[in-house]
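Subject: Structure for you to look at

Hello,

Here is the structure I said I would pass on. Please open it beside this message and follow along.

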Amino acid sequence: MPLLKKGRNKAIVNISSDAGINGNYFCTAYCASKGAVTVFTKALSLELALDKIRVNCLCPGDIRTPMTEEQWTDDNSEAEMSSFYPLGRIGTAEEVANAIYFLASEKASFIKNYCHVVS
(Lines give C-alpha, C1' and ligand atoms only; values in the text may rest on other atoms or scores of the structure.)
Protein backbone atom coordinates (compact mmCIF):
# COMPACT_ATOMS: atom_id res chain seq x y z
CA MET A 1 0.00 0.00 0.00
CA PRO A 2 2.71 2.58 0.74
CA LEU A 3 3.97 2.49 -2.86
CA LEU A 4 0.45 2.58 -4.27
CA LYS A 5 -0.43 5.56 -2.08
CA LYS A 6 2.52 7.48 -3.55
CA GLY A 7 1.64 6.67 -7.15
CA ARG A 8 -0.12 8.90 -9.66
CA ASN A 9 -2.77 6.54 -11.01
CA LYS A 10 -3.99 4.71 -7.93
CA ALA A 11 -6.10 1.74 -8.99
CA ILE A 12 -6.70 -1.85 -7.96
CA VAL A 13 -8.72 -4.21 -10.14
CA ASN A 14 -9.76 -7.52 -8.59
CA ILE A 15 -11.13 -10.41 -10.62
CA SER A 16 -14.18 -12.27 -9.35
CA SER A 17 -16.98 -13.93 -11.32
CA ASP A 18 -20.65 -13.51 -12.07
CA ALA A 19 -20.98 -16.61 -9.85
CA GLY A 20 -19.76 -14.43 -6.97
CA ILE A 21 -22.82 -12.23 -7.41
CA ASN A 22 -25.56 -14.57 -8.62
CA GLY A 23 -24.42 -17.99 -7.44
CA ASN A 24 -24.44 -21.05 -9.67
CA TYR A 25 -25.37 -24.73 -9.63
CA PHE A 26 -22.94 -27.35 -8.31
CA CYS A 27 -20.05 -25.03 -7.42
CA THR A 28 -20.89 -23.71 -3.98
CA ALA A 29 -17.31 -23.32 -2.76
CA TYR A 30 -16.32 -21.50 -5.96
CA CYS A 31 -19.29 -19.13 -5.62
CA ALA A 32 -18.44 -18.48 -1.97
CA SER A 33 -14.81 -17.67 -2.75
CA LYS A 34 -15.74 -15.34 -5.61
CA GLY A 35 -18.42 -13.71 -3.45
CA ALA A 36 -15.72 -13.05 -0.88
CA VAL A 37 -13.57 -11.30 -3.50
CA THR A 38 -16.55 -9.19 -4.57
CA VAL A 39 -17.40 -8.00 -1.05
CA PHE A 40 -13.71 -7.61 -0.18
CA THR A 41 -13.45 -5.23 -3.16
CA LYS A 42 -16.38 -3.16 -1.93
CA ALA A 43 -14.98 -2.91 1.60
CA LEU A 44 -11.43 -2.16 0.43
CA SER A 45 -12.75 0.55 -1.86
CA LEU A 46 -14.34 2.29 1.10
CA GLU A 47 -11.19 1.94 3.21
CA LEU A 48 -8.88 3.33 0.53
CA ALA A 49 -11.12 6.14 -0.72
CA LEU A 50 -9.45 8.71 1.55
CA ASP A 51 -6.12 7.81 -0.06
CA LYS A 52 -7.69 8.39 -3.50
CA ILE A 53 -7.13 4.75 -4.44
CA ARG A 54 -9.84 3.34 -6.69
CA VAL A 55 -10.79 -0.30 -6.18
CA ASN A 56 -12.97 -2.13 -8.67
CA CYS A 57 -13.92 -5.72 -9.35
CA LEU A 58 -14.51 -7.40 -12.69
CA CYS A 59 -17.01 -10.28 -12.57
CA PRO A 60 -16.98 -12.03 -15.94
CA GLY A 61 -19.26 -14.81 -16.99
CA ASP A 62 -17.90 -17.75 -18.98
CA ILE A 63 -14.78 -16.88 -20.97
CA ARG A 64 -13.34 -18.88 -23.86
CA THR A 65 -10.17 -20.45 -22.52
CA PRO A 66 -8.53 -23.85 -22.95
CA MET A 67 -10.28 -24.90 -19.72
CA THR A 68 -13.77 -24.03 -20.98
CA GLU A 69 -13.04 -25.54 -24.38
CA GLU A 70 -12.15 -28.84 -22.66
CA GLN A 71 -15.61 -28.84 -21.07
CA TRP A 72 -17.31 -28.83 -24.48
CA THR A 73 -17.75 -32.46 -25.37
CA ASP A 74 -19.82 -31.95 -28.50
CA ASP A 75 -20.70 -29.20 -30.96
CA ASN A 76 -23.78 -28.13 -28.99
CA SER A 77 -21.99 -27.41 -25.69
CA GLU A 78 -20.63 -23.98 -26.65
CA ALA A 79 -23.97 -23.00 -28.16
CA GLU A 80 -25.79 -24.18 -25.06
CA MET A 81 -23.45 -22.23 -22.75
CA SER A 82 -23.73 -19.16 -24.98
CA SER A 83 -27.53 -19.22 -24.80
CA PHE A 84 -27.42 -18.17 -21.13
CA TYR A 85 -25.87 -14.77 -21.96
CA PRO A 86 -27.72 -11.73 -23.33
CA LEU A 87 -25.20 -11.30 -26.18
CA GLY A 88 -25.59 -14.98 -27.05
CA ARG A 89 -21.89 -15.76 -26.98
CA ILE A 90 -18.95 -16.57 -24.71
CA GLY A 91 -16.51 -13.78 -23.89
CA THR A 92 -12.83 -13.79 -24.77
CA ALA A 93 -9.76 -13.30 -22.61
CA GLU A 94 -8.90 -10.24 -24.70
CA GLU A 95 -12.26 -8.64 -23.84
CA VAL A 96 -11.64 -9.19 -20.13
CA ALA A 97 -8.11 -7.81 -20.47
CA ASN A 98 -9.47 -4.69 -22.19
CA ALA A 99 -11.93 -4.12 -19.35
CA ILE A 100 -9.15 -4.52 -16.77
CA TYR A 101 -6.93 -2.13 -18.73
CA PHE A 102 -9.72 0.46 -18.80
CA LEU A 103 -10.54 0.15 -15.08
CA ALA A 104 -6.86 0.49 -14.19
CA SER A 105 -6.40 3.52 -16.43
CA GLU A 106 -6.89 7.23 -15.81
CA LYS A 107 -9.90 7.05 -18.17
CA ALA A 108 -11.77 5.34 -15.33
CA SER A 109 -10.68 7.92 -12.75
CA PHE A 110 -14.21 8.45 -11.44
CA ILE A 111 -15.14 4.76 -11.22
CA LYS A 112 -14.64 3.08 -7.85
CA ASN A 113 -16.35 0.69 -5.49
CA TYR A 114 -18.08 -1.00 -8.36
CA CYS A 115 -18.39 -4.60 -9.40
CA HIS A 116 -18.65 -4.90 -13.15
CA VAL A 117 -20.42 -7.97 -14.50
CA VAL A 118 -19.15 -8.84 -17.94
CA SER A 119 -21.42 -11.27 -19.77
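Helices (H or I, at least four residues) and strands (E, at least two) are DSSP runs, numbered from the N terminus. With that numbering, phenylalanine 26 sits in the loop between helix 2 and helix 3. Please keep in mind that this is a predicted model.

Overall layout

The protein chain has 6 helices and 5 strands. Read from the N terminus, their order is α-β-α-α-β-β-α-α-β-α-β. Along the principal axes, the C-alpha atoms take up a box of roughly 50 × 30 × 25 Å. The chain has 119 residues, and 33% of them are buried. If you take the contacts between residues at least 6 apart in sequence, 69% of them join residues at least 24 apart.

Helix 3 covers residues 28–48, which is 21 residues.

The buried residues of helix 3 are Cys31, Gly35, Thr38, Thr41, Leu44, Ser45 and Leu48. Threonine 38 counts as buried because its relative accessibility is 5%, and buried means under 20%. Between threonine 38 and arginine 54 there are 16 residues of separation in sequence and 14 Å in space, C-alpha to C-alpha.

Which residues make up the largest nonpolar core? There are 5 in all: Ile12, Leu44, Leu48, Ile53 and Val55. Setting aside residues up to four places away in sequence, leucine 48 touches Met1, Ile12, Ile53 and Val55.

The largest pocket

Rolling a probe the size of a water molecule over the atoms shows where empty space is left. In this model, the largest pocket holds about 750 Å³ of space. Its lining consists of 25 residues, and those nearest the centre are Ser17, Asp18, Tyr30, Gly61 and Asp62. Helix 2 (19–22), helix 4 (66–71) and helix 6 (93–104) are the elements that give two or more residues to this lining. Helix 4 gives the most, with 3 residues. By type, the lining residues of the largest pocket are 14 nonpolar, 9 polar and 2 charged.

Serine 105 lies in the loop between helix 6 and strand 5 (114–118). Is serine 105 buried or exposed? Its relative accessible area is 16%, so serine 105 is buried. Apart from neighbours within four places in sequence, serine 105 is in contact with Asn9 and Arg54. Serine 105 and alanine 43 are 62 residues apart in sequence, and their C-alpha atoms are 21 Å apart in space.

You will find lysine 52 in the loop between helix 3 and strand 2 (54–60). With a relative accessible area of 63%, lysine 52 is exposed, because exposed means over 50%.

Regards

Key
Residues are numbered from 1 along each chain as its sequence is written. This is a predicted model: local features need pLDDT of at least 70, side-chain atom pairs count only at pLDDT 80 or more; totals for chains, interfaces and linings use all residues. Side-chain values use heavy atoms; hydrogens and water are left out. On a 1 Å grid over the protein atoms alone, a cavity is a set of points where a 1.4 Å probe fits but cannot get out, and a pocket is an open set with protein on both sides within 12 Å along at least five of seven lines; lining residues have an atom within 4 Å of a point. Grid points are joined across faces, edges and corners, and a volume is the space filled by probe spheres set on the points. Ala, Val, Leu, Ile, Met, Phe, Trp, Tyr, Cys and Pro count as nonpolar, Asp, Glu, Lys and Arg as charged, and the others, Gly among them, as polar. A nonpolar core is a set of buried Ala, Val, Leu, Ile, Met, Phe, Trp, Tyr and Cys residues joined through side-chain atoms within 4.5 Å. Buried means under 20% relative accessible area, exposed over 50%, partly exposed in between (1.4 Å probe, protein chains only). Contact means heavy atoms within 4.5 Å. The expected span of a helix is 1.5 Å times one less than its number of residues.
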